[in-house]
Amino acid sequence: MAVLAVGRNAEALLAVCDLVVADGGEAEAVVADVTDADAPRQIVEHATTKWGGVDALVNGAGIIASGRVADTADDAFDAMMDVNLRASFRLIREATPALMARKGSVVNVSSVAGTRSFPGVLAYCVSKAAVDQLTRCAALDLAPHGVRVNAVNPGVVVTNLHRRSGMDEARYAAFLEHSKATHPLGRPGTPEEVAELIAFLVSPASGWITGETIAIDGGRHLTCLR
């Protein structure tokens, strides 16, 4: 296994690389902002130069912010779309020739907010719904070339996503506690659980699955707002 880890935080990327190497794989870090104009070319070029091609692309960059329809500014809406949607689209487009050469796979990290509406996070919900449609459309476009495209749709997962949206530790702790009630299985998820599903979707074992948006949310998508 060889992994090219991409992100803005060099320290976090190196930690990921250390985990991959400890598991017997190869890893290299590329510090980049996926919204930069030349980032897709640099990322794909780095992977193909280092390892000769691309077997899988995982679009995991994402941000969340509060905002209702009446108070979401244009720049906030655009920033959400740039990171959550446009960056994924541009990376898929750039990687398409390399993915076709190896009949590879794409996994987009979406959200339960792509399939269900939640108040107070309008731009986030819209961006993730668009990621789901991007997944389906790209799956149809690339299927004749043997490239599969799927999405995972997590519920609340214990990461830094919500902290970076402005939640302090007290609010975040209360949010996680509330998540026990909003997820039928009674808890938020872990990054490892989502990663295992992604690993399955890029593996040969899932070779007849494409265009799917797969809930991994402790049953949250089954519930009504409360």
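**Briefing: salt bridges, core and surface**

Asp55 is partly exposed, with a relative accessible area of 45%. Here buried means under 20%, exposed over 50%, and partly exposed in between (1.4 Å probe, protein chains only). The model is predicted: local features need pLDDT of at least 70, side-chain atom pairs count only at pLDDT 80 or more, and totals for chains, interfaces and linings use all residues. Residues are numbered from 1 along each chain as its sequence is written, and side-chain values use heavy atoms, without hydrogens or water.

**A bridge across the sequence**

- Asp55 pairs with Arg102 in a salt bridge, with the closest N and O atoms 3.0 Å apart.
- Asp55 sits in the loop between helix 2 and strand 3 (56–59), and Arg102 sits in helix 3, so the bridge ties together parts that are 47 residues apart in sequence.
- Helices (H or I, at least four residues) and strands (E, at least two) are DSSP runs, numbered from the N terminus.
- Arg102 is partly exposed, at 35% relative accessibility.

**Other salt bridges**

- A salt bridge here is a side-chain nitrogen of Lys or Arg within 4 Å of a carboxyl oxygen of Asp or Glu.
- By this rule, the model has 7 salt bridges.
- One of them joins Arg163 and Glu169, whose closest N and O atoms lie 2.9 Å apart.
- Arg163 is partly exposed, with 30% relative accessibility.
- Salt bridges with shared partners link Asp38, Arg41 and Glu45 into one network.
- Within this group, the side chains of Arg41 and Glu45 meet at 3.1 Å, N to O.
- Arg41 and Glu45 are 4 residues apart in helix 2, which means about one helical turn separates them.
- Arg41 is partly exposed at 33% relative accessibility, and Glu45 is partly exposed at 44%.

**The nonpolar core**

- The largest nonpolar core has 23 residues.
- Such a core is a set of buried Ala, Val, Leu, Ile, Met, Phe, Trp, Tyr and Cys residues, joined through side-chain atoms within 4.5 Å.
- Ile43, Leu57, Ile92, Leu99, Val106 and Val149 touch the most other members.
- Helix 2 (39–51), helix 3 and helix 4 (122–142) each supply at least two residues of this core.
- Helix 3 gives the largest share, 6 residues.

**A patch of negative charge**

- Asp74, Asp75, Asp78 and Asp82 gather in a negative patch on the surface.
- Patch residues have over 30% relative accessible area and no salt bridge; like charges are joined within 9 Å, and nonpolar side chains (Val, Leu, Ile, Met, Phe, Trp, Tyr) within 5 Å.
- Asp74 belongs to helix 3 (residues 74–102).
- Asp74 is exposed, with a relative accessible area of 63%.

**Lys103**

- Lys103 lies in the loop between helix 3 and strand 4 (105–109).
- Lys103 has a phi near 50°, a positive value in a residue other than glycine.
- Most residues other than glycine have a negative phi.
- Lys103 is exposed, at 58% relative accessibility.
- Lys103 and Ser127 are 24 residues apart along the chain, and 27 Å separates their C-alpha atoms.

Key: Areas by Shrake-Rupley, 256 points an atom, 1.4 Å probe, with all protein chains shown as cover. Lys, Arg positive; Asp, Glu negative; His and termini not counted. Charge placed at Lys NZ, Arg CZ, Asp CG, Glu CD.
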